[in-house]
Amino acid sequence: MLYAGEDTLLDAALPFLTEGVEAGEAVLAVIPAATTGSLRRALGLAANAVAFRDAAHWYSQPPRTIAAYSSFIEDHPGARIRVLAEPGWECGSEAEIAEWTRYESIVNQAFAEVDAAVLCLYDRRTTAADVLDGVLRTHPELVGDSGPCANDAYLDPSTVYAQVDGQPLPPVPAHAREMPIDGIDLCALRAFVGDHAEDHGITSARLHDLLVATTEVATNAIRHGLSPVTCRTWADDRDLVVDVTDGGHWEPEGLPGFLPPDPFVRAGFGLWGVRMLCPLVQLRTGPGGTAIRLRVRAR
Amino acid sequence: MDNWFAERPVGQMLPGDHAWFSYSGEDEREQVVGAFLRGGLLTSDKVIYITDADPHDLPGLRERHEIEPDAYLRTGQLAILPPARAGLTAGVFDPDRLVASLEDVLARAEHERFRGVRVTADMTWAVRQRSGRDRVLDCEAGLDRAIAPSTTAMAICQIDRRSCTRDELTALKQTHEVLVGADPDFDDGVLTITRTFTPRGLRLKGELDGARHIVFAEALRAVTAQGGDIHLNVRDLRFIDLGALNMMAGAAMRMAAHGTLILDDASPDLTEVVQLVGGRMLPWLKIGNGETQ
């Protein structure tokens, strides 16, 4: 639902949430902190039966969001789930918007089996045009003045997925620093990435996460890809980019690394962990080779 | 006596080291004392063991390493000194006598052809005698005077931790400058894996990534096979990759019925990674502080 003012927001959110509370459903509101107060007041006593979460934290990066929803669902076994979500994204770059669009699409598929009703809210006045474009491609129904109706612009998740991956990665700039990776011993790679990251002001926990992510991606390239395996790193505006390429054509199945792995099997743990640790992960693969690009903000 | 200790794996002990070793099981003794004895016998050191034990029962020689003590006893490279002869006067532990015996043995070894001298004794029996603690403290001071200036001799004083009070252990430990522990099971300059016994587990040091998954898997398999809680001390582990965390999760899951796998002294960075990827993935893996539960 696209809205344009607090009144319309409350007009839609209140009956949606109240209906869930009255039906004894597990009701979750993931909304910006600024909206929480007025929504709680409007709900009155019913607010006690609603779990409120801060959207800014909840929507930090797609796999973390999916993991958070998975946990909520697991914590309420057997219950019908009702979610009011207002992501309120402040995503700047085209790549981030594309990944959030992919996320919106993936959840249709990932939670298809879950008995749930989800109402997503976007403020028409503040949401960027690119984001709205993505929203329209990823929500099967739109709520208008006369209630929900089918969205003709909705695309199948696999189509959205292919659209996102169809965008080529920007070329590696000439000033990128490069290191060939010729063995599984990755101490030197960590020193290489660590030095550049520190030069760009990435320290402590974020550096550690980046090194874990880089090591994982390089390990996969060495074990499952084809030589040559190369790591390149460069600064791009406020970000540090780490790019690992290999000569193999990886054809991943399903949704590689987006969904929490089954703890009993733990297949796909590595790429999922990389996506959990690193704010933006882009994967491109084809006959010419495979590239995984990690991007962290240098603050 | 100050509280400064050098901690050394037994394989890196130096001449002049008068080392403290408190154990809580035979396995641990075999690892440390056994390595001390073998290291001496196989490198032409004179080895002196003050004990009532049968030479065939000395830790870490025959069982796993098939070293027959008889041959070394015949050549005099290995000497067994019963405490009754070396350090008892009228059935009571006599620190002066033990120190004198030791000085005598060291002086004789000087004249023999040995490269160095290694001495070890389990002092638990002496501590347990009447006023044993103070006598052993006297004895340790004497041993320290005999060993510390030496350029050829090194000694390990063994104490069964289970037979002593915490105060006794602290007082005795402080008469030593060196704490000796097991040699690493694996050490390639990047990663060191060492067995620990109290608590039971492994100490990991350095960096653990795909290049060392196989040795780590083997060490983890061996240590978790015994059952019970297992502690992995990661205080000095600068880096661990997701693959190794995944292996820990697998081990923790397999042993969940009979024990817990606990990560001790994890850095804030590592704790964050474990919590982030592990909240759901590694529910069996616990973060601890080194204390046995």
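**Form, sheets and contacts**

Chain B contains 10 helices and 15 strands. The model is a predicted one, and the description below should be read accordingly.

The overall dimensions of chain B may be considered next. Its C-alpha trace extends over about 65 × 40 × 35 Å along the principal axes. The radius of gyration of chain B is 21 Å, which agrees with the value near 19 Å that a compact globule of 293 residues would have. Of the 293 residues in chain B, 42% are buried.

Chain B is divided into two parts, domain 1 covering residues 6–181 and domain 2 covering residues 186–288. Taken over C-alpha atoms, the centres of domain 1 and domain 2 of chain B are separated by 33 Å.

An open sheet of 6 strands is found in chain B, with the order β10-β11-β12-β13-β14-β15 and mixed pairing. At its edges lie β10 (186–187) and β15 (285–288) of chain B, each of which pairs on one side only. Within this order, strand β13 (residues 230–240) of chain B pairs with strand β14 (residues 261–264) of chain B in the parallel sense, over 4 bridges.

In chain A, attention may turn to strand β4. This strand, residues 81–85 of chain A, is mostly covered, with 4 of its 5 residues buried. Strand β2 (residues 26–31) of chain A pairs with β4(A) in the parallel sense over 5 bridges, and A29(A) has L84(A) as its bridge partner in β4(A). Strand β5 (residues 116–120) of chain A likewise pairs with β4(A) in the parallel sense, over 5 bridges. Here I81(A) has A116(A) as its bridge partner in β5(A).

The nonpolar interior is the next topic. In soluble globular proteins, nonpolar side chains tend to be buried together. The largest nonpolar core in this model has 66 residues, and those with the most contacts inside it are L210(A), A218(A), C278(A), L294(A) and L261(B). Helix α9 (residues 204–224) of chain A gives the most to this core, contributing 9 residues. Leaving aside residues up to four places away in sequence, L294(A) touches L210(A), A213(A), T214(A), V217(A), V242(A), C278(A) and V281(A). Another core, of 48 residues, lies apart from the largest one and includes L37(B), V47(B), Y49(B) and L78(B).

Which residues does each chain bring to the contact between chain B and chain A, and how many? Chain B supplies 20 residues and chain A supplies 24 residues. On the side of chain B that touches chain A, the elements giving two or more residues are α9 (242–254) and α10 (268–281) of chain B. The largest share of that side, 7 residues, comes from α10(B). By class, the side of chain B that touches chain A consists of 10 nonpolar, 4 polar and 6 charged residues.

Terms used
Residues are numbered from 1 along each chain as its sequence is written. Chains are lettered from A and ligands numbered from 1 in the order in which they are written. This is a predicted model: local features need pLDDT of at least 70, side-chain atom pairs count only at pLDDT 80 or more; totals for chains, interfaces and linings use all residues. The radius of gyration is taken over C-alpha atoms; the globule rule is 2.2 Å times the number of residues to the power 0.38. A residue is buried if 20 or more other C-beta atoms lie within 10 Å of its own, exposed if 12 or fewer, and partly exposed in between; C-beta atoms are placed from the backbone. Two residues are in contact if their C-beta atoms, placed from the backbone, lie within 7 Å. Ala, Val, Leu, Ile, Met, Phe, Trp, Tyr, Cys and Pro count as nonpolar, Asp, Glu, Lys and Arg as charged, and the others, Gly among them, as polar. Two strands pair if DSSP finds at least two bridges between them. A nonpolar core is a set of buried Ala, Val, Leu, Ile, Met, Phe, Trp, Tyr and Cys residues joined through C-beta atoms within 7 Å. Domain bounds come from an automatic or database domain assignment.
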